[in-house]
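The sequence and the structure are shown first.

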Amino acid sequence: RDELLFSYKGIRYPITICSPETFKALESFEARSDDIVLAGYLKSGTNWLSQIINDLIAVSKKKTQGRESNVNDEELGEFPYLEVGDAEKYERMTKLPCPRFMVTHLRPENLPKSIFKNKVKILLLLRNPKDVATSFYHFSNGIATLPSYETWDDFFTDFMTKKLAWGCYLEYLSEWNKYIDEENIMTITYEELKENRALGVKNIAAFLGIPLTEEELQFVAERSSFQSMKKNSENTHGAFGDVFFRKGVVSDWKNIFSEDQNEKMDKAFEEHVAGTKLGKKLKYDLYCK
Ligand code: A3P
């Protein structure tokens, strides 16, 4: 398993898509004040939110150009995962039009300083840790860039002992908790978006300062339903469509966690984040008990 991962500043990453050279180059990445960053740990719904944000940007661009405001996949902009790829990508990104949109699974202390200095808008996506672990397990076994696991129990042990790519989720949450009062950061949870996608899309557009009509917002919300994203996933994610769009539900953890694992996660959550502002946003008692 270890062969697929390397360590950088104490956190492991998949060697086939990340590299120490890219991390080094990222440190001097110059963010623009109108960049948009989606920050979310693996499996918290980053592809979902990416499509929503990308659609909002594309619809609003077409509108300002006086064109019809619906979009199709070919017209969407690039949204690079900040830390994934070759070290020259940041040079190429200087040529992207404004606003640039990027996604990251990194903790705030590992992001380039210019993101905070230039007050870039950050949408912080959160998902309950039990569903993140469940989704991560299935994903690890569906994708070649990550180590696979013969049993859920083995995976759970690695999840709880900080051995997985992009590090420990509970630590990730407590690190981001230090930033959630900043005015340029908006948090949104997977669960609240599941409960009311139309409202979530509206709030995201308002935070990003993208003025769209009710009809345009509805168009974006409809395109981002699980069913329509899964249906379209062969176009957007090729052969990995079914791996990225698996179940799309809340509480799938109930099908896999043992009593003992539940207790371990509850205890770890209590220790790391339960009492924090960010911890409260997760509504742990509602979604994890
Ligand atoms: P599950 O494995 O629980 O189904 P990421 O994009 O960060 O890798 O997250 C993937 C998770 O988000 C998967 O969870 C996936 O099914 C879910 N997801 C993707 N698109 C979604 C959508 N439109 N609505 C709800 N969940 C979605």
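A polar side-chain atom of Lys 43 lies 2.7 Å from an oxygen atom of the ligand, a polar contact being a pair of N or O atoms within 3.5 Å. The model is predicted, with local features requiring pLDDT of at least 70 and side-chain atom pairs pLDDT 80 or more, while totals for chains, interfaces and linings use all residues. Residues are numbered from 1 along each chain as its sequence is written, and side-chain values use heavy atoms, leaving out hydrogens and water.

| Protein atom | Distance |
|---|---|
| Lys 43, polar side-chain atom | 2.7 Å |
| Arg 246, polar side-chain atom | 2.8 Å |
| Lys 247, polar backbone atom | 2.7 Å |

The protein covers 98% of the 570 Å² of accessible area that the ligand has on its own (Shrake-Rupley method, 1.4 Å probe). The ligand is surrounded by 18 residues (a heavy atom within 4 Å); Lys 43, Thr 46, Ser 135, Tyr 190 and Lys 247 are the closest. H2 contributes three residues, the largest share of this shell, and helix H11 (226–231) supplies at least two.

Lys 43 itself is located in the loop between strand E3 (36–40) and helix H2 (46–64); helices are DSSP runs (H or I) of at least four residues and strands (E) of at least two. Lys 43 is buried (under 20% relative accessible area, 1.4 Å probe, protein chains only).

Methods:
Buried < 20%, exposed > 50% of the residue type's maximum accessible area, 1.4 Å probe, protein only. Lys, Arg positive; Asp, Glu negative; His and termini not counted. Salt bridge = Lys/Arg side-chain N within 4 Å of Asp/Glu carboxyl O. Polar contact = N/O pair within 3.5 Å; in protein donor to acceptor, adjacent residues only side chain to side chain.
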